[in-house]
Amino acid sequence: MFTHVDEKGVKMVDISKKSDVERICIAEGYIKLKSETIKLIKENKIKKGNVLTAAQIAGILAVKKTQELIPMCHPLPITSINIDFEVFDDKIKAICSVKTTYKTGIEMEALTGVSIALLTIWDMVKSAEKDESGNYSNTEIFGVRVVKKVKLINE
């Protein structure tokens, strides 16, 4: 038996009888970049502007719009979003933490936030990452995953 498909077609799962629960989800992912690009980011010398600030804004916006992007996601009352970065010599790690008190989980929101933050970094640094032929031979997004999921049940 499918949860999102029945004899009438596609449907969103009915969560109306579930209780509101405080939920936290943390997702992470990485973007591999040239060391020269990392240096430009650290020195705020990327022509498009501050890369990590733009990526934070984009990631936050993505979390808030997840239900518009993933067809079966319920709209959630998000209570907190935080996008952080760890910058290494050859990559940047993005971490997206999301909180809600609602009837269903927020994994898709956290994963969407981290994914869009990483894609925004890529977009911001395209000119620095292109090789002589205009390709991105070094640039790679990888390791996008949920690292922590918490349900805080108050009794």
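Welcome! Tyr-30 is buried, at 17% relative accessible area (buried is under 20%, exposed over 50%, partly exposed in between, with a 1.4 Å probe and protein chains only). This is a predicted model, where local features need pLDDT of at least 70 and side-chain atom pairs 80 or more, while totals for chains, interfaces and linings use all residues. Residues are numbered from 1 along each chain as its sequence is written, and side-chain values use heavy atoms, leaving out hydrogens and water.

How many aromatic pairs does the structure hold? There are 2 aromatic pairs (Phe, Tyr or six-membered Trp rings with centres within 6.5 Å; stacked under 30 degrees, edge-to-face over 60, otherwise tilted). In one of them, the planes of Tyr-30 and Phe-142 meet at 10 degrees with the ring centres 5.2 Å apart, so this pair is stacked.

Tyr-30 belongs to strand β3 (residues 21-32) and Phe-142 to strand β6 (residues 140-152), so their pairing ties together parts 112 residues apart in sequence. Phe-142 itself is partly exposed, with a relative accessible area of 31%.

## Trp-122 and Tyr-136

Another aromatic pair joins Trp-122 with Tyr-136: the pair is edge-to-face, with 75 degrees between the planes and 5.6 Å from centre to centre. Trp-122 sits in helix α4 (residues 107-124), and Tyr-136 in the loop between α5 (126-129) and β6, so the pair ties together parts 14 residues apart in sequence. Helices (H or I, at least four residues) and strands (E, at least two) are DSSP runs numbered from the N terminus.
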